[in-house]
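Here's a friendly walk through a protein model for anyone meeting it for the first time. Have a look at the picture, then read on.

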Amino acid sequence: MELDDSFIMLGTFEASDGVRMFAFSLTLLLLVVTVTANLLVLAIVAARTQLHVPMYVFMCNLLVADVVGGAVSFPQQLYVFLTGDLRISRASCIAQMFWINVFVDLESLTLAAMSLDRYVAICHPLRYHAVVTGRRALLAVVTTWFITVAVLVPDTKVQEIFGSSALFVFIALPLCVIAYTYFRIIRACKRTGQSEFKRKAVHTLLTHFLMLAMFFVACFVSTMVPRLVKDYQYSQIKNLRCGVQLVTFIIPIANVSIYFVRNKKLRREMVKCFKQINPRGVGRSRSHKVCNISPGKQSPHGEIVP
């Protein structure tokens, strides 16, 4: 709703001060955890050369989009929870709408690129390193950013024709690409008799599918419910609209959580990185073992420990 040079946000949470403070605390905690976790994983990937491979290039692009989404989505909602002020300036509204669209569009395009990467890795493993190189992965990431900005910059008001075009570019087209790669991977699994191949394929595909399902379900719910439920007369309806729109806030923390839980290599490299940062803990454990050797006894290496 427009008011002078500002807008009144309709899909906001209405409750008592105590409930709003509780919602503010939870949202702030979620923001801190989301940004910290994503930046931590990005730092680990940057620091460990073993992770400088195309798959993690796509993952980092996804995490950067998550940081952007969290940084632009949470603050305004936190302000509303804290003050109860539903007004937002026109400039802030346009800027927030632009960056939220950047977040959603980058997520969709990156998930499509990751599905192609997994398709080549599973169905053409011998050609993977020749087809999916680091340079091509970086080019794909730059392309996702270029397409996103090129489509969004000309018209941030999202008129009807523009909105339909953007919906095709960022939702329908990526879904078609993802559906094609899933079809080819599933067909390859059915044709082969190797159980190890099927196990690795399912493990790889499941990680991508979990992120895919989380993203598109959240986008569908947060987009369709406000369009179907338009009654603003009751606070329960407004809270429902607000709640389903907050579902997208879960995407940034969900992606990094899924990757951390499902990716053993990432966890292993993270542990190694922490050991390099704090080697004293390892040293103390080793010295403790040495001290347990009785005086005058010979160590396994032939040395006498005093």
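In what follows, helices (H or I, at least four residues) and strands (E, at least two) are DSSP runs, numbered from the N terminus. The expected span of a helix is 1.5 Å times one less than its number of residues. This is a predicted model, so local features need pLDDT of at least 70 and side-chain atom pairs count only at pLDDT 80 or more, while totals for chains, interfaces and linings use all residues. Residues are numbered from 1 along each chain as its sequence is written, and side-chain values use heavy atoms, with hydrogens and water left out.

Let's get the overall layout first. The protein has eleven helices and three strands. Starting at the N terminus, the order of elements is β-β-α-α-β-α-α-α-α-α-α-α-α-α. Of the 306 residues, 37% are buried; buried means under 20% relative accessible area, exposed means over 50%, and partly exposed is in between (1.4 Å probe, protein chains only).

| Helix | Residues in helix | First to last C-alpha | Expected at 1.5 Å a residue |
|---|---|---|---|
| α5 | 19 residues | 27 Å | 27 Å |
| α10 | 14 residues | 20 Å | 20 Å |

Which residues of α5 are buried? They are A137, V141, T144, T148 and L152. Looking down the axis of α5, these buried residues fall within an arc of 55°, so they line one face of the helix. That arc is the one made by the directions from the helix axis to the C-beta atoms. Over on the other side of α5, R135, L138, L139, V142 and F146 are exposed. Here's a handy bit of background: an α-helix has 3.6 residues a turn, so residues three or four places apart point the same way.

Now for α10, where L266, E269, M270 and C273 are buried. They cover an arc of only 105° around the axis, which puts them on the same side of α10.

L106 sits in helix α3 and is buried, with a relative accessible area of 0%. Its C-alpha is 9.7 Å from that of V149, 43 residues apart along the chain. F58 belongs to helix α2, and it is buried too, at a relative accessible area of 6%.

What about the cysteines? C60 is buried at 17% relative accessible area, and C273 is buried at 10%. A search of the whole structure turns up zero disulfides (pairs of cysteine sulfur atoms within 2.5 Å).

Finally, the second largest pocket. On a 1 Å grid over the protein atoms alone, a pocket is an open set of points where a 1.4 Å probe fits, with protein on both sides within 12 Å along at least five of seven lines, and lining residues have an atom within 4 Å of a point. This one has a volume of about 890 Å³. Of its 28 lining residues, the closest to the centre are M55, R118, K200, H203 and T204. Helices α2, α3, α4, α7, α9 and α10 each supply at least two residues of the lining, and the largest share, nine residues, comes from α7.

Key:
Points joined across faces, edges and corners; volume = space filled by probe spheres on them.
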